[in-house]
Every structure is written in C-alpha cells, then in structure tokens.
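Subject: Structure for you to look at

Hello,

Here is the structure I said I would pass on.

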Amino acid sequence: MMFSEAKLIDSKNNAFFKQLVKISQNKEKSLCLLEGIHLCQEFLAMANRAHLKAAIFQSSALQKIVDSAASNELLQLYQSIELKPTILAETLFKQLCDVPSPQGVIFLIETPQRAIDDIILTESMVLIDRVQDPGNLGTIIRTMAAAGIKQLVLSNGTVRAWSNKVLRSAQGAHFALNIFSDVDLQHLISGLSIPVYAAALSERAASLYDMTLAGECAWLFGNEGRGVSKALLSQATEEVFIPQSEAVESLNVAVACGIILFEQRRQRLTQINAK
C-alpha cells in the first residue's frame, strides 16, 4: 500500500477525529483504540481482522519512514492492513495518546462482545467482583493468558476491560481470552458445574497449598479494598488464602491472582508429567 493512498486529517473539527476523541475518553463502549505497535501486532496476529475499523498513523512517524527508506515494524504494520489508512497530523494524533512519546500507530477496533450464554460452565475461569484499578485488571488479564485460563467474567462495577489503561497494562493478552462483561455473578455461579474458590482472608479459609487444584474450577477475586462481596462468598464452594508473613495485611489482588493461578498450573503440570 502506498502512502499516497492514505487519507490525511489535519483539522480538529473533522467529524471522524471528533469521534476518535470520544472513543479515547472511553465514551463509546462499542469501540476502542489500540495504541502502539505491539498492541496492533497482537491484534493482527490473534484477533478477528473484521473488527478493525480504521488504522491511524501519525504523519511525522510515516514521514520518517519515507525519508529513511528503512524497513521497520511501523512500516510492516502499514503494509499489512487491508483497508485504506488514515494519517493524522502530529498534534491531533497526540491528543488520542496516553503516553508522551507515541509510536505512530493506533487501531480503531470494534470491541469484542461476548454473550453470557457463550461461557463454558465446565471449564476454568476467573470471576472478578468490582475490581477498580485498570492496572490490576490488565495484570490479571496478562496473568490469565500466561497461565492458560481463557475465560474472564467481570461483574457490574468492574473497570471496563477495553479501556485504554487496561489495554496498555495487558499488552495484547486480551486477544488470548474470552472476556465477558457486566455479568450477574450470583446468577452465573448458581449455574456452574465446577467448584468456585474465593480468595479471602477469613478464619474459615483454607490454605492454597493444602488444596488439590489440578481440575477445572472458577476463581473469584474481589474489590481492592472490600474484597469479595458477602453475597458471593456465601455461594463459594470454599474460601482460600495465601500463606504469607505478618509484615503486610494482604496482597494486591493482581499479585494474589498470579500466585493462585500458577499454583493451579503447577499442580496440573505435575499431574500430567506423572502419567
């Protein structure tokens, strides 16, 4: 694809640019922006390309490619897309970015929408109850992808999975998961065919390292300050804690998720290797 084929936008009054600004402010749930080379590469490698609605390049970044005639990742992205790209003037492009030094590319994609009926009730999943911090949710998403658990179910009141900060934190791991948003967790749990283990600090909680976890299960993690709601705790098969020193009161929810999911993975691998 030649640079001359791209459409240049250099006015802040352009209707499409105004829409992009709204999307960058998380005001349109059906669309989101993927900022940076890595996120765009991961989308092209793992997601449905039909969800790509626009490929937006920074004018100065593309000019550097033209001037140097060098092959690089940005040029490869430019050449790999199948729709007419959009070029934004320098100042306009930066208005869409969260980072001070943008990499020159943004993809506008349709946010993947998954129906609750698509949740596989017999396969492992992570249930999130009102986690608020984008960095925490992004880390959980990336941890899940690394641990091989593909179903993430988010309650009402949880930070939006496809917001800019969550996307940046997860670094492309979204596309390795099936993410279900705004789910009534109480209703879902009542229909699950696998045990539900809630991460909690309580007298009745069992030590993570005393549990047998090689099978399928649902892990339930709660809000950073308040933990899992009492209503959901009452539905859990068992409450689980991570043995730790008394130097701190509790672990960060994303850290706790990583420890727990990889203990489950360790037990699974041990079982597989023993066969």
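A cavity here is a set of points, on a 1 Å grid over the protein atoms alone, where a 1.4 Å probe fits but cannot get out; lining residues have an atom within 4 Å of a point. Grid points are joined across faces, edges and corners, and a volume is the space filled by probe spheres set on the points.

This is a predicted model, in which local features need pLDDT of at least 70, side-chain atom pairs count only at pLDDT 80 or more, and totals for chains, interfaces and linings use all residues. Residues are numbered from 1 along each chain as its sequence is written, and side-chain values use heavy atoms, with hydrogens and water left out.

By this rule there is one cavity of 30 Å³ or more. The largest cavity has a volume of about 70 Å³. Its lining is made up of L33, E35, L39, L96, N164, L167 and R168. By class, four of these are nonpolar (Ala, Val, Leu, Ile, Met, Phe, Trp, Tyr, Cys or Pro), two charged (Asp, Glu, Lys or Arg) and one polar (the others, Gly among them).

Helices (H or I, at least four residues) and strands (E, at least two) are DSSP runs, numbered from the N terminus. β2 (31-35) and α7 (164-170) each supply at least two lining residues, and α7 gives the most, with three.

On pairing, two strands pair if DSSP finds at least two bridges between them. Strand β12 (residues 238-241) runs parallel to β9 (residues 196-199), joined by three bridges; here A198 has E239 as its bridge partner. Strand β10 (residues 206-207) is also parallel to β12, with two bridges, and S207 is partnered by F241.

Regards

Methods: 1 Å grid on protein atoms, 1.4 Å probe; cavity = no way out; pocket = protein on both sides within 12 Å on 5 of 7 lines; lining within 4 Å.
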